[in-house]
Amino acid sequence: MAEITLQDIIKPENLVYKKTDLMTDKPLSYCPGCGHGTAHRITMEVIEELNLAEDTIGVAPVGCSVLAYEFMNVDMTQAAHGRAPAVATGIKRVWPNKVVFTYQGDGDLAAIGTSETIHACNRGENIVIIFINNGIYGMTGGQMAPTTLPGMKSSTSPYGRDVAMMGNPLKMTELVAQLPGTYFVTRQAVHTPAAVRKAKKAIKKAFENQRDCKPGLSFIEIVSNCNSGWKMTPTDANKWMEENMFPFYPMGDIKVDGQLVK
Amino acid sequence: MGELKLMKGNEALAEAAIRAGADAYFGYPITPQSEVIEYLMAEKPHERTGMVVLQAESEIAAINMVYGAAGAGKKVMTSSSSPGISLKQEGISYIAGAELPCLYVNVVRGGPGLGTIQPSQADYFQSTKGGGHGDYRQIVLAPASVQEMSDFVKEGFDLAFKYRIPVLILSDGVIGQMMEKVELFDPIPRWTDEEAIANSPWATTGKKNGTERRIITSLDLDSHKMEEHNIKLQEKYKEITKNEVRYELIDCDDAEYIFVAYGSSARIAQKAVQLARAKGIKAGLFRLITLFPFPTVKMREMCGKGIKGFLAVEMSAGQMVEDVMLAVRGCAKVEHFGRYGGIVHTPEEVLAALEQKIIGG
Amino acid sequence: MTEEIIIAGFGGQGVLSMGKILAYSGIMQDQEVSWMPSYGPEMRGGTANVIVIVSDERISSPILTTFDTAIILNQQSMDKFEKSVRPGGVLLYDPNGITRHPQRKDIKIYQIEGARLAAEMGNAKIFNMVVFGAFLKIKPVVKLENVIKGLKKSLPERYHKLIPLNEDAINMGMKNVVAL
C-alpha cells in the first residue's frame, strides 16, 4: 500500500471545514478558550453567507477585541473607547446602503459607552451591535466591569463585588429591548456547538434585518467567559458561566421583529 | 457675483456647509453657536442637497460620528463652543492620529469650566498646541468677518482633504453672533458615492473582492511603527507650515508699532489702528488668518524693518503672545493686551495699551 | 460715510429687528454693514441692544463704546448709553416710561412718541418702525426705497402684505419726530 502523503489528505474532496476568507490568516491574539474567536468567526461567516462582504464596514472597540480589525477581513474602523455606536451611526448615515456593525465588549458598551449605546438604539439606527459580555475588563487585566456579578471577584473587587458599595451589574440587553428603536434583541452564548449554531442564527437574523432595511437596530449579546480574567481553566470557566452567568443573564430572544417576546 | 445676504456668522457658516457640498453635520446645541444646527435643521438640507444633519446625544457622540463618517470618505463637520470642544478633544486626537479629513468649528466663549456665554479667545492654546493627547497639529483658520465664516468652510474642507487633517475654524461669540453682508458662494454639488470613493481610496467604503481591506485606526502596538507614523505626521505638518500660512497686513508699510490679532480682536485692533493714526502714531495690524501654521517667518522678517514693538491683542490672559515672542525672538518689544472672561476689549483700550505698554513702556 | 448707531431698549420692543432692517437697507444701497447684538439670557425680557454700522468702507470693529447716534427706548438704556453719544451726535428716544430725561448739552436730542403713535395706528408691533422713521428723518443714511427693498428681501413672502403698514409707520415717525 502506497504511503499516504499530506497532499493526499488535503485534497478538496476531503475538506470538512474551511475557514472563511473573511477571517484573515493572522493568529488570534485571544487567550485559548476565550469566546471572542468564535464570535468573530461566526460573524464573518454570516457576512460571507449573506454575500455582504463588499458592502460591510465594521467598527472595533477598545478592549480585548480592539484588534478585531486585524482578524476580520472587511473594511474596519477602530473606535475610541465606548464610542463605536456613534462611529457606526456616522458611517451608516452617510452610507445608508452599506452594512454597518459594531463589535464591543461589556466595559466598552455598558460602562463608558452607555450613552452612545442607548442613544443609537433609541434612534433606531439601522446597524448591528454585537456585544460580548464576559463580566470583566479582559484587556486591562481583569478589573470589575459593569456586568460583573454580585460577589464576583476581580482585580478591583478582590473580595467580590459588593453591590452596596460598587453598585449593581447592568443588564444592557434587557434595557435596550425596552427602547422603541430596537428591532431585534437577543442573548446568546458560544461555549458549545449547539450554542454556536443558535448564536450564528441570531447574528444572521440581525444582518438580514439590516440588509432588508427593517426599522431599527439589532442587538446581540453573547455571554462569554474570560478564563484568564476569572482565573479558571477554560472548561471550569464555561461551567462557572453556565452556573452563575446564565441565571443572571438568561439566554434567548427578548425582542423579535420589534415585539417584546419575554 | 454670488447672492448677497445679511446673516449672522453662525448662519453663514451653516449655509456655507450646505453650499460646500458637505455630506453631513453632527452637532449638539451650546451657546453661542446653536444657530448653526438650528439653521441647518430649518433649511432641510436633506431635501436641498441630500446632506445629513443629526443632533447627537452629546458633543462626544457628535465628534465620533464625524470620525466614522470621515473615515468612510465623506465630507463631514461638527461645531460647538468651548466646553463642548473640550469634550470633543478625544475624538479630534483620534481623527488626527488616523489622518482623517474633517472640519470643525469652535465659536469660543469665556472659560475656564462652564465660564460664560460671552465671547472669548481663550482657546488658542487648545486649538494650536493640540487640545487632545499626543503629538498632533491641525490647521486653524480664524475668521474675522461673517464673509470669512462662509468662505472658510469651503477652504477648510479643501485643506482637510488635501492633507487628510482636521481643520478647525476658530471663531468666537462676536463673529458667530453678529450679522454682516455676506456674498454666498455658488453651491458645489455633493460628491457622488463614486466620487467619494475615488477621492478617498483609503476610506472604509466596503472591501471589493480581490482588494485589500481598509482600516481606519490610530493604534499601533509596535512602538517603532508608531514612531514612523509620528514622523510622517510631523513631515505633513512641516509641509503645511511651508505652504499654508495665511495673514493680512493692514497699514503695516510705514508702521512703527504692530498690533497682532485674529478674529474679532483683529477687527477691534483695526479700529485702534485708525484711532492711533488719527493721533499721529504709526500703527499697523498683522491679522493672523491661520493660527496653525503661524506666520513666524513673516513676523520675524518684519522685525528688522523699523518696527519698534508688537502688541498681541487677544481676548485671553496671553496665549497667542507666546507665538509672537517665539517669532520675534527678542528683536523687538512684545507685549500682550487683552480682556478676558467674556469681556470684549474696546478700540480705545487697545490703543491705550499700545501707548502704555509699548510706546511709553 | 460711516454711521455708527446703538439701538437699546427692552427685549420684545423690536430693537434687534429695527437694526436688522437698517442693515439690510444699507446692503440694498451697496454699503458695508454690521449688526452686533448683546446676546444671552438678558435678551429674554430684559434689556436688549444692538450696534449697527453702515459705511461706504470696510468696517473695522463691530463693537464700539461711542456712537454717532443712540436710539434709546427705556430708562436703563438711557442711563447706560446717554454718555456714549459722541459730542455733536444724536440721541433719539421715546419718552414713554422715561423718568430721567437726557441732560447733555453737547449733543442733539430728539423725541419720538413711538409707543403712543403705534397704539393710535392700532398695532403696537409697528412701534419700532415709527422710531425707525424718526431716525431716518434725522439721519437719512438709507433711502426709504432701499428700506422697502430690504424689507422685501428679508421678510418671508407671507409677510409682504405687511410692508405698506410698515411704510406708513415709518412715515408716521418721520412726521412726528421732535427736536428738543
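Two strands pair if DSSP finds at least two bridges between them. Helices (H or I, at least four residues) and strands (E, at least two) are DSSP runs, numbered from the N terminus. Keep both in mind for the first stop.

This is a predicted model: local features need pLDDT of at least 70, side-chain atom pairs count only at pLDDT 80 or more, and totals for chains, interfaces and linings use all residues. Residues are numbered from 1 along each chain as its sequence is written, while chains are lettered from A and ligands numbered from 1 in the order in which they are written.

**Stop 1: chains B and C**

Select β8 of chain B, residues 179-184. β8(B) and β2(C) pair in the antiparallel sense over 2 bridges. Which residue of β2(C) is the bridge partner of B:M179? It is C:W35.

Now widen the selection to the whole interface. Residues count as in contact if their C-beta atoms, placed from the backbone, lie within 7 Å. By that test, 18 residues of chain C touch 20 residues of chain B. β2(C) gives the most, with 6 residues. Color this side by class: Ala, Val, Leu, Ile, Met, Phe, Trp, Tyr, Cys and Pro count as nonpolar, Asp, Glu, Lys and Arg as charged, and the others, Gly among them, as polar. The chain C side then shows 10 nonpolar, 6 polar and 2 charged residues.

**Stop 2: chain B as a whole**

Along its principal axes, the C-alpha trace of chain B spans about 70 × 50 × 40 Å.

Color chain B by domain. The bounds come from an automatic or database domain assignment. Domain 1 of chain B is 3-195 and domain 2 is 248-359. Their C-alpha centres lie 27 Å apart. Where they meet, 25 residues of domain 1 of chain B are in contact with 21 residues of domain 2 of chain B. On the domain 1 side, α6 (124-128), β6 (139-141), β7 (166-172) and α8 (173-177) of chain B each supply at least two residues. α6(B) gives the most to that side, with 4 residues. By class, the domain 1 side has 13 nonpolar, 9 polar and 3 charged residues.

**Stop 3: a sheet in chain B**

Select the open sheet of 5 strands in chain B, with the order β10-β12-β11-β14-β15 and mixed pairing. Its edge strands are β10 (247-250) and β15 (333-337) of chain B, each pairing on one side only. Neighbouring strands of this sheet are turned by 20° against each other on average, direction ignored. Zoom in on β11 (257-261) and β12 (283-288) of chain B, which pair in the parallel sense over 5 bridges. B:I258 has B:G284 of β12(B) as its bridge partner.

**Stop 4**

Go to the open sheet of 9 strands, ordered β10(A)-β9(A)-β7(A)-β8(A)-β4(A)-β3(A)-β1(A)-β2(A)-β9(B), with mixed pairing. Its edge strands are β10 (259-260) of chain A and β9 (215-216) of chain B. Select β2 of chain A, residues 75-78: β2(A) and β9(B) pair in the parallel sense over 2 bridges. Here A:M76 stands opposite B:I215.

Next, select α9 of chain A, residues 193-211. α9(A) lies across β3 (99-105), β4 (128-133), β7 (182-189) and β8 (217-223) of chain A. α9(A) runs at about 165° to β7(A). Axes are lines fitted to C-alpha atoms, for helices over the stretch in contact, and angles run from 0 to 180 degrees between N-to-C directions.

**Stop 5: the chain A side**

Return to the contact of chains A and B. 29 residues of chain A are in contact with 35 residues of chain B. β1 (56-60), β2, α4 and α6 of chain A each give two or more residues to the chain A side. Which element gives the most to this side? It is α4(A), with 8 residues. The chain A side divides into 14 nonpolar, 8 polar and 7 charged residues.

Finish on α4 (84-94) and α6 (114-123) of chain A, which pack at an angle of about 40° with their axes 7 Å apart. α4(A) and α6(A) are therefore oblique to each other. (Angles under 35 degrees count as roughly parallel, over 145 as roughly antiparallel, 65 to 115 as roughly perpendicular and the rest as oblique.) Show the contact residues: A:P85, A:A86, A:A88 and A:T89 of α4(A), with A:E116, A:T117 and A:A120 of α6(A). By class, this contact has 4 nonpolar, 2 polar and 1 charged residues.

Definitions and conventions. Contact = placed C-beta atoms within 7 Å.
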